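Me: I would like to go through this model and ask what stands behind each label. Please set the values against the cut-offs.

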Amino acid sequence: MARVLLQSICKNYGDVPAVRKLDLEIRDEEFMVLVGPSGCGKSTSLRMIAGLEDITSGDLWIGDRRVNEVSPKDRDIAMVFQNYALYPHMTVRENMAFGLKLRKLAPTEIKKRVDEAAQILGITEYLERRPKALSGGQRQRVAMGRAIVRYPSVFLFDEPLSNLDAKLRVQMRVELARLHQRLRTTIVYVTHDQVEAMTLADRIAIMDNGVLQQLGTPHEVYHRPKNRFVASFIGSPGMNFLTGHVQATNFGHMFAGAGFSFSLSSEIVELLQNHRHSEQLTIGIRPQYFHIANEHDRGTVESVAEVVEHLGSEKYVYFRLGDTLVTARVAEDHPVRAGDPVRYRVDNSRVSLFSEDGNSIFL
Ligand code: ADP
């Protein structure tokens, strides 16, 4: 069992809190991604799990052992860093074998493990090369190989793909997913890249300012964000936020803000009637939930396309509602150009609602 459990973990640097009361259970065999903007405390959390950073307060468990005071080498973990830190004067094989030699494993066992890891990672043909004769992606694989040969119960990854170019990053992401399926080892993975988080994770822990904001599957954090921070951090292009209030009109209920209004479904109106809320609300609409209106649609939003971006498979249309610049995602074959009038229906069943304090009001 390689469950990792963080109970009320705090880390202060002097007076400055970096991680505040973090409660997090990483299940056996789970791929957990810690994600958040720079400085949110994700690396510090990972480094505490690794034993590279003291824990100010709280309890850390790996398996059934409380490991707060256990040294990194005795924690049964292996860490892969952003800068792979390979030894330049050693071959790939020697780099991968190095840690095992220090542990005085038998040469036959070392060879078996290195060959096996090299085969999993597709680097067998490079085993006798030096790191400088490898590409960035190959070096990253060697760094992973060095971790794999240790047969750890937990892998810790600290932004392992951030030094690779965009195309290679996508490729390595797929390989990491495959690696996890094959090894079924518990993984804790830190990144600032929400796309990496969404594509790799079984569950995502989203942090901001040292505080865990939401823990959930990629589907949950995308479709049911707990607050505005999570809603704006996850998804690309980002969610649109419109602030206004509910208005009863002869044509039914509308959501009205400065310079725009659109109709609200009876489900949302009913929900709001049963929920105490501030008069001022924010509605979050992801770009794909603006639908091109037909002539029968009422209560639509109307504006002028300021910019149209072509992505090949789809288009992003940027337009203004009041002062807010809004993005809609439409099909590539939709004929819209900058300067054209646009009219969209808001898919009310897909919106998020936020009260003034930024917390979600769940439908
Ligand atoms: P992230 O990995 O999310 O970018 P970190 O965990 O590295 O964030 O840092 C969290 C906070 O702790 C930041 O405000 C950072 O400036 C601070 N911090 C990190 N390491 C140290 C350190 N060694 N000394 C003082 N402050 C630090």
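Predicted model: local features only at pLDDT ≥ 70, side-chain atom pairs only at ≥ 80, totals over all residues.

Me: Why is Thr 199 called partly exposed?

Reply: Its relative accessibility is 45%. Buried means under 20% relative accessible area, exposed over 50%, and partly exposed in between, with a 1.4 Å probe and protein chains only. Thr 199 therefore counts as partly exposed.

Me: What makes the pairing of the side chains of Thr 199 and Arg 173 a polar contact?

Reply: The distance is 3.2 Å. A polar contact is a pair of N or O atoms within 3.5 Å; within protein, one must be able to donate a hydrogen and the other to accept it, and residues adjacent in sequence count only if both atoms are side-chain atoms. Thr 199 also lies 10.0 Å from Val 33, C-alpha to C-alpha, though 166 residues separate them in sequence.

Me: Which residues of α5 are buried, Arg 173 among them?

Reply: Leu 168, Met 172, Arg 173, Leu 176, Leu 179 and His 180. They lie on the same side of α5, because their arc around the axis is only 145 degrees, the arc being that of the directions from the helix axis to the C-beta atoms. The face turned away from that buried side carries the exposed residues Lys 167, Arg 178 and Gln 181. In general, an α-helix has 3.6 residues a turn, so residues three or four places apart point the same way.

Me: How do you know that the length of α5 agrees with its number of residues?

Reply: The expected span of a helix is 1.5 Å times one less than its number of residues. For the 18 residues of α5 (residues 166-183) this gives 26 Å, and the end C-alpha atoms are 26 Å apart, so the two agree. Helix α4 (residues 136-148) has 13 residues and reaches 18 Å, close to the 18 Å expected.

Me: What makes α4 mostly covered?

Reply: Of its 13 residues, 11 are buried, including Gln 138, Arg 141, Met 144 and Ile 148. Over the whole chain of 363 residues, 50% count as buried.

Me: Why is Gln 288 called buried?

Reply: Its relative accessible area is 17%, so it counts as buried. Gln 288 lies in the loop between β14 (281-285) and β15 (290-292), and its side chain makes a polar contact of 2.7 Å with that of Tyr 222. Ile 361, in strand β21 (residues 360-361), is also buried, at 3% relative accessibility.

Me: What is listed for the phi of Lys 104?

Reply: Lys 104 is not a glycine, yet its phi is positive, about 60 degrees. Most residues other than glycine have a negative phi, and most peptide bonds are trans. Lys 104 sits in the loop between α2 (92-102) and α3 (107-121) and is exposed, at 73% relative accessible area. Asn 209 likewise has a positive phi, about 55 degrees, in the loop between β9 (203-208) and β10 (211-216).

Me: Which kind of peptide bond joins Ser 236 and Pro 237?

Reply: A cis bond, with omega about -5 degrees. Pro 237 is in the loop between α8 (228-233) and β11 (240-249).

Me: Which residues are around the ligand?

Reply: Tyr 13, Ala 18, Pro 37, Ser 38, Gly 39, Cys 40, Gly 41, Lys 42, Ser 43 and Thr 44. A residue is near a molecule or strand if one of its heavy atoms lies within 4 Å of it. Helix α1 (residues 42-50) supplies the largest share of this shell, three residues.

Me: How does the shell divide by residue class?

Reply: Into four nonpolar, five polar and one charged. Ala, Val, Leu, Ile, Met, Phe, Trp, Tyr, Cys and Pro count as nonpolar, Asp, Glu, Lys and Arg as charged, and the others, Gly among them, as polar.

Me: Where do polar side-chain atoms of Ser 43 and Thr 44 lie?

Reply: A polar side-chain atom of Ser 43 is 2.6 Å from an oxygen atom of the ligand, and one of Thr 44 is 2.5 Å from a ligand oxygen atom. The protein covers 55% of the 560 Å² of accessible area that the ligand has on its own; such areas come from the Shrake-Rupley method with a 1.4 Å probe, and for residues only the protein chains shown count as cover.

Technical notes: Residues numbered from 1 in each chain as written. Heavy atoms only, no water. Helix = DSSP H or I, 4+ residues; strand = E, 2+ residues; numbered from the N terminus.
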